[in-house]
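Reader: I have a model open and some labels to check. Can we go through them one by one?

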Amino acid sequence: MQVDGSRLRGQGTFVRYQSQQQALDFLSKVLTDERGIALLQGPKASGKSVVANQFVQKVQATVAVAVVDGARLKTTALLSRVLEQFGYNVVLESPEEMLNMLTVFLVQQTRTHQPPVLILENINDMFPSALGALCKLASLQVGKRNALLIVLVSNRDIGRVIKSPSMRPVADRVIGSFELGPMTSTEALRYLYAKLRAAGIDQPDDIFSVDVCEKLHALSGGWPGELDEMAFSIMQQASQYPIRLDDIIDPNEPLHDDTPKLIVTLTGEAPREILLSEKRALIGRSSLSDIVVADQFVSNQHALLIRNQKAVVLVDLKSRNGTFVNSRPVQSKVLLHNDIISIGDHRMKMVYAAGHSSIEIEDPDLADTAKLKNIADARRAREQKIPTLVVVANKKD
């Protein structure tokens, strides 16, 4: 079964739901309300750009429209991009010259046709100088008519910016603010099925059952952008249809990993989490160690962790100050879930993925298992990137 995945990612097909329709109706007021500035807000993936583009398609036959992303724009860049959107090839370098050229265009359009529309995205991320230029444009009038209609779009609350005293020319013209909301479960079902039909699938439930659509709605929060990406990703990876509920993985759910780990703590420092993915791991102060512990009470080669299929074994390497498990000195010990290893001033908690607290195995033959080499061999192995553990067992600091 061949599917045009691009259509599922919001390209080429617009499927409107209630909140988006309400947003379009709200933006239309910009054309009729004499104040002529509207605020459109919504989180990432809520479809703000889609709504803005639909609004442009609706009005561009009768008015001149510019759509500009204001993120990180200073005055010159803002005015240059607005002029380019209105069809001017800008060769001027002075912001004053650009502003004068834009003023002439706006006044002419307002007198002979209708005031142009500027859709400005990410206003929260604009530089103050660019906001100052926006205020000058918002102050421009022809008679009693404002010469530029404006839609300000952001994924954060615009109120803080608009309420600034310097933004009063904009604030005085705001007709209101609309915040996009998510789709309902029913709207999400209709949304996905409409996109699948547009992609050439006559029977959408052959791809996504109602139950699967409901799960996708729950995981996406009902936001169209998130829903598009999830549906596209699942279909790209699917080996058979229809998609099963078990095929859908919650992106917020951590992947299962059986790798045991250590949680290392030291007073005054943030805990470190270390996965024990190799069969052996050397703990010590030396830079040759797999787990380097910068502690004056820790030997260069202090202890060894040996991992087999069922557990992790701790071996003290005749360290000067000893190795302790749950406050008791040990030479070797099979570590249990939540055991606390004390080395110098550091504490290391043993954590098994399964959380088991008892292991029915005997200590391995540690003399045979921990085959240790001297420092020179260790250095050579590291330089050659040999993935084996090499330490000194019989030599104290």
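Author: Start with confidence, as this model is predicted. Over residues 357–397, pLDDT stays under 50. The model has 69 contacts beyond four places in sequence for that stretch.

Reader: What is the mean pLDDT of the protein?

Author: The mean pLDDT is 84. Of the residues, 82% reach 70 or more.

Reader: Why is Thr75 called buried?

Author: Buried means under 20% relative accessible area. Thr75 has 17% relative accessibility, so Thr75 counts as buried.

Reader: Where does Thr75 lie, and what is Thr75 in contact with beyond four places in sequence?

Author: Thr75 lies in helix α3, residues 75–85. Its contacts there are Pro95, Ser129, Ala130 and Ala133.

Reader: What makes the pair of Thr75 and Ser129 a polar contact?

Author: The cut-off for the N or O atoms is 3.5 Å. The side chain of Thr75 reaches the backbone oxygen of Ser129 at 3.0 Å.

Reader: Why is Phe127 called partly exposed?

Author: Phe127 has a relative accessible area of 24%, so Phe127 is partly exposed. Its place is in the loop between β3 (117–121) and α5 (128–139). Phe127 touches Arg72, Leu73 and Lys74, leaving out residues up to four places away in sequence.

Reader: How do you know that the span of α1 is close to the expected one?

Author: Helix α1, residues 18–32, has 15 residues. At 1.5 Å a residue, 21 Å is expected. The helix reaches 22 Å from its first C-alpha to its last, which is close to that value.

Technical notes: Residues numbered from 1 in each chain as written. Predicted model: local features only at pLDDT ≥ 70, side-chain atom pairs only at ≥ 80, totals over all residues. Heavy atoms only, no water. Helix = DSSP H or I, 4+ residues; strand = E, 2+ residues; numbered from the N terminus. Expected span 1.5 Å × (residues − 1). pLDDT = per-residue confidence, 0-100. Contact = heavy atoms within 4.5 Å. Buried < 20%, exposed > 50% of the residue type's maximum accessible area, 1.4 Å probe, protein only. Polar contact = N/O pair within 3.5 Å; in protein donor to acceptor, adjacent residues only side chain to side chain.
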